[in-house]
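Biologist: Before I use the labels attached to this model, I would like to hear the grounds for each of them.

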Amino acid sequence: SGAIPESVQEEIKNGILNAIFKQLIESYSKIKKVSEHGREIMLSDFNMIMGGLGKLVQSEVSENKKNCEEYIKAWHLNTEELKNFVVGGYVKKFLVY
């Protein structure tokens with residue numbers, strides 16, 4: 001009586017996580033120039049967030065987690081790898097993201 005079903009709780013948690021991932025990508029996309037140290041901090045922040053959030057959610061988070069992780073890792077690519085990454089359709093995901 002009055003308790004929120006676990007499936008609904010999971011759906012709410014996943015919605016919050018997806019909003020966090022989208023916000024991370026949105027924030028990182030506004031950065032004009034990133035140093036090697038800055039890239040490492042971005043990845044460290046993401047891993048720290050995932051470490052903390054992983055304790056809260058049992059189910060696998062949607063495609064947004066993967067997209068966020070790929071976006072951060074793309075900052076480490078050399079020019080040729082980045083070209084292949086973009087040509088491979090990654091940017092299209094975020095044009096509608």
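Modeller: The chain averages a pLDDT of 77, and 80% of the residues score at least 70.

Biologist: Where in the chain is confidence lowest, and where is it highest?

Modeller: Confidence is lowest in helix 4 (residues 79-95), with a mean of 71, and highest in helix 1 (residues 6-29), at 84. Where pLDDT is low, the predicted coordinates should not be read in detail.

Biologist: What makes Phe-21 and Phe-46 an aromatic pair, and why is the pair called tilted?

Modeller: The ring centres are 6.2 Å apart, and the limit for a pair is 6.5 Å, so Phe-21 and Phe-46 qualify. The planes make an angle of 50°. Stacked requires under 30 degrees and edge-to-face over 60, so 50° leaves tilted. A search of the whole structure finds one aromatic pair. Phe-21 belongs to helix 1 and Phe-46 to helix 2 (residues 36-54), 25 residues apart, and the pair links distant parts of the chain.

Biologist: Why is Lys-66 called partly exposed?

Modeller: Its relative accessibility is 42%. Partly exposed runs between the buried limit of 20% and the exposed limit of 50%, so Lys-66 falls in that class.

Biologist: How do you know that Glu-69 and Lys-73 form a salt bridge?

Modeller: The closest N and O atoms of Glu-69 and Lys-73 are 3.7 Å apart. The cut-off is 4 Å, so the contact counts as a salt bridge. Both residues lie in helix 3, four residues apart, about one turn of the helix. Glu-69, at 23%, is partly exposed, and so is Lys-73, at 43%.

Biologist: How many salt bridges does the structure hold?

Modeller: There are three. Among them is Arg-39 with Glu-36, at 2.9 Å from N to O, which is within the 4 Å limit. Arg-39 and Glu-36 are three residues apart in helix 2, so about one helical turn separates them. Another joins Lys-30 to Glu-26, with the closest N and O atoms 3.5 Å apart.

Biologist: Why is Arg-39 called buried, and why is Lys-30 called exposed?

Modeller: Arg-39 has 16% relative accessibility, and buried means under 20%, so the label holds. Lys-30 has a relative accessible area of 57%, and exposed means over 50%, so Lys-30 passes that limit.

Biologist: How do you know that the length of helix 3 is close to the expected one?

Modeller: Helix 3 (residues 63-74) has twelve residues and reaches 16 Å from its first C-alpha to its last, against 16 Å expected at 1.5 Å a residue. Its buried residues include Cys-68, Tyr-71 and Ile-72.

Notes: Residues are numbered from 1 along each chain as its sequence is written. This is a predicted model: local features need pLDDT of at least 70, side-chain atom pairs count only at pLDDT 80 or more; totals for chains, interfaces and linings use all residues. Side-chain values use heavy atoms; hydrogens and water are left out. Helices (H or I, at least four residues) and strands (E, at least two) are DSSP runs, numbered from the N terminus. The expected span of a helix is 1.5 Å times one less than its number of residues. Buried means under 20% relative accessible area, exposed over 50%, partly exposed in between (1.4 Å probe, protein chains only). pLDDT is the predictor's confidence in each residue, from 0 to 100. Rings of Phe, Tyr and Trp (its six-membered ring) pair if their centres lie within 6.5 Å; planes under 30 degrees apart count as stacked, over 60 as edge-to-face and the rest as tilted. A salt bridge is a side-chain nitrogen of Lys or Arg within 4 Å of a carboxyl oxygen of Asp or Glu.
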